[in-house]
Amino acid sequence: MAAFPTQFAALEPYADWALPSEADRYGKRITSTMDELQEFYDAAFPLLDSSTEYLQGAPIDGISDEDRNLLWLFSSLITVSFPIECWRQPTVPDSGPASIDVTVEPRP
Amino acid sequence: MTSFPRPAEGTWTEHYSELGTAPISFQDSISPEFYRREQDAIFRQAWLNVGRIEDLPKKGSWFTKDIVAARTSVIVTRGPDDSVKAFHNVCRHRGNKLVWDTKPTQEAQGFARQFVCKYHGWRYGLDGSCTYVHQENEFFDVDKDKLGLAEVQCEVFAGFIFVCLARQPQQTLRDFLGPMVGALEGYPFELMTERYSFRAENNSNWKVFIDAFQEYYHVPPLHTYQLGPNNRDPNAEFEGAHYQLDGPHRVVTTSGSQKHKWPVETMYPTEVLLRSGNMGPWDATEFDSELPGINPGGVKRWGIDNFQIFPNLEVLIYERNWYLSYRFWPTSHNTHVFEADLWFTPARTARERLAREYAAITVKEYALQDAGTLDGTQLGLESEAFDEYPLNDQEILVRHFHKSVGDWVAAHEGTAAGASR
């Protein structure tokens, strides 16, 4: 069964990024290699770019399972955008032993 | 060259002449003995923000808050009459911690008609009254009416719930907050209900992390990457637009950070796509109401107010109509728990949600840079290589904070000494 709306079929190989919590998304980011992050970013970013109108037309209230999965995948793209666009490594440079964990977040 | 008007004295620090301009000691951030004095003088005396009214969504809602520095936990409840009350989270019978989930060392929240002690089954109403004593006839002259929970002073300001552990607070909450913070009464915090919360356990004195958030002098060198690749300059200079002190509280206002008006080539690709960033979603929800209390200095092109509310609450209000609060809870002289709550207007569409997610993640990414400095700062200060450290004019709030902490401890100890004579 498809995880995403049909026009986002190109994202099906990356369905494992459609994770419900920021904690899961960040955990996957920092345990991935830069090559893996880059591959996901290269697949997802163009679709985010072309889907502005679609996402504007997807209400949060009563969101469908497919749109919710898409929301979660693009949320993963957000966390992955920092290693790709900014840090050039999976973790925040010089953040040392620090960790900051999400405890409350909107669902969906 | 300065871009913003300054006080007649030429600097903010000299404007508040009681601060002086001398280097300051950070002994208050490394001394176990001073921490014990702070516990008594500050965390058992001052009004402390323990949550928001949104944490108590309906009658019967409750949450617990552990205040390690005061060696207690409080239960905050919303009763059948909608009144917000707080109690020490301790059973009147044998002192067991009354409300907890799986571990007594973890905070809990929920909805209840009454609280039942796990140990001997005593029960309490949301108003703290004792409603049931198991095998009451086995006791000697017990009167349930006199066996309620120990109430803690609790007041709500602009939706922020505060408690004061002193049996008799020196000031009402409003008097404590003073006119500058008090002016925020009526700001529409209640319209921002979409929440992200983060928590961290950090290896530094609580004040060391507060210091990291109450000056922007560190921003160009530490957060060089806040700007996209074409615009980075670690030697960029920063200038705060307005600084103001009021009692133990303080604010710094920044200007010119209306990032949504910047050229797109200075930004990151995802930032531009989602129209969001570290200053919040660009497409702000417009508020119909007045916005009292913000921009106390009347700064042109207002960007952010950074209110530092004594002792351990920080509230940042952004021009894009969202806000965040940070709370710093000491757990020892060189450890603390950091809590961050980010509040947005509710997203109506998936795209609006992603804009909020981007802002929240940006805050976390850069806060990790700030948190990354903590171990190093604490280790450095504890080496006692230097007795005093120079602070510049942009670090006026750091100077004022440590002076306020010292003044509070001295005043409390003076009062206590006077009372014991």
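Two strands are taken to pair if DSSP finds at least two bridges between them. Helices (H or I, at least four residues) and strands (E, at least two) are DSSP runs, numbered from the N terminus. The model is predicted, so local features need pLDDT of at least 70 and side-chain atom pairs count only at pLDDT 80 or more, while totals for chains, interfaces and linings use all residues. Residues are numbered from 1 along each chain as its sequence is written, and chains are lettered from A and ligands numbered from 1 in the order in which they are written.

Confidence is given as pLDDT, the predictor's confidence in each residue, from 0 to 100. The average for chain A is 96, and 99% of the residues score at least 70. Within chain A, the lowest confidence falls in α3(A), with a mean of 96, and the highest in helix α1 (residues 22-30), at 98.

In chain B, three strands form an open sheet in the order β6-β7-β8, with antiparallel pairing. Strands β6 (114-116) and β8 (130-132) of chain B are its edges, each pairing on one side only. On average, neighbouring strands of this sheet are turned by 35 degrees against each other, direction ignored; axes are lines fitted to C-alpha atoms, for helices over the stretch in contact, and angles run from 0 to 180 degrees between N-to-C directions. Two bridges join strand β7 (residues 123-125) of chain B to β8(B) in the antiparallel sense. B:R123 stands opposite B:Y132 of β8(B).

A further strand of chain B, β1 (residues 47-52), is mostly covered, with six of its six residues buried. A residue is buried if 20 or more other C-beta atoms lie within 10 Å of its own, exposed if 12 or fewer, and partly exposed in between, with C-beta atoms placed from the backbone. β1(B) pairs with strand β10 (residues 160-164) of chain B in the antiparallel sense over five bridges, and B:N49 has B:F162 in β10(B) as its bridge partner. B:L48 also lies in β1 of chain B and counts as buried because it has 25 C-beta neighbours inside 10 Å. Residues up to four places away in sequence aside, B:L48 touches B:I67, B:F162, B:V163 and B:N312, where contact requires C-beta atoms, placed from the backbone, to lie within 7 Å. B:L48 and B:C154 are 106 residues apart in sequence, with 9.4 Å between their C-alpha atoms.

B:F111, in strand β5 (residues 109-111) of chain B, is exposed, with 12 other C-beta atoms within 10 Å. Apart from neighbours within four places in sequence, B:F111 is in contact with B:G60 and B:S61. In helix α7 (residues 350-372) of chain B, 21 of the 23 residues are buried, so the helix is largely enclosed by the rest of the structure.

The contact between the chains takes 34 residues from chain A and 32 residues from chain B. On the side of chain A that touches chain B, α2 (34-50), α3 (52-56), α4 (65-87) and β1 (101-104) of chain A each supply at least two residues. α4(A) gives the most, with eleven residues. The residues of this side divide into 19 nonpolar, nine polar and six charged; Ala, Val, Leu, Ile, Met, Phe, Trp, Tyr, Cys and Pro count as nonpolar, Asp, Glu, Lys and Arg as charged, and the others, Gly among them, as polar. β1(A) and strand β11 (residues 194-202) of chain B pair in the antiparallel sense over three bridges, with B:F198 in β11(B) as the bridge partner of A:V102.

Note on methods:
Two residues are in contact if their C-beta atoms, placed from the backbone, lie within 7 Å.
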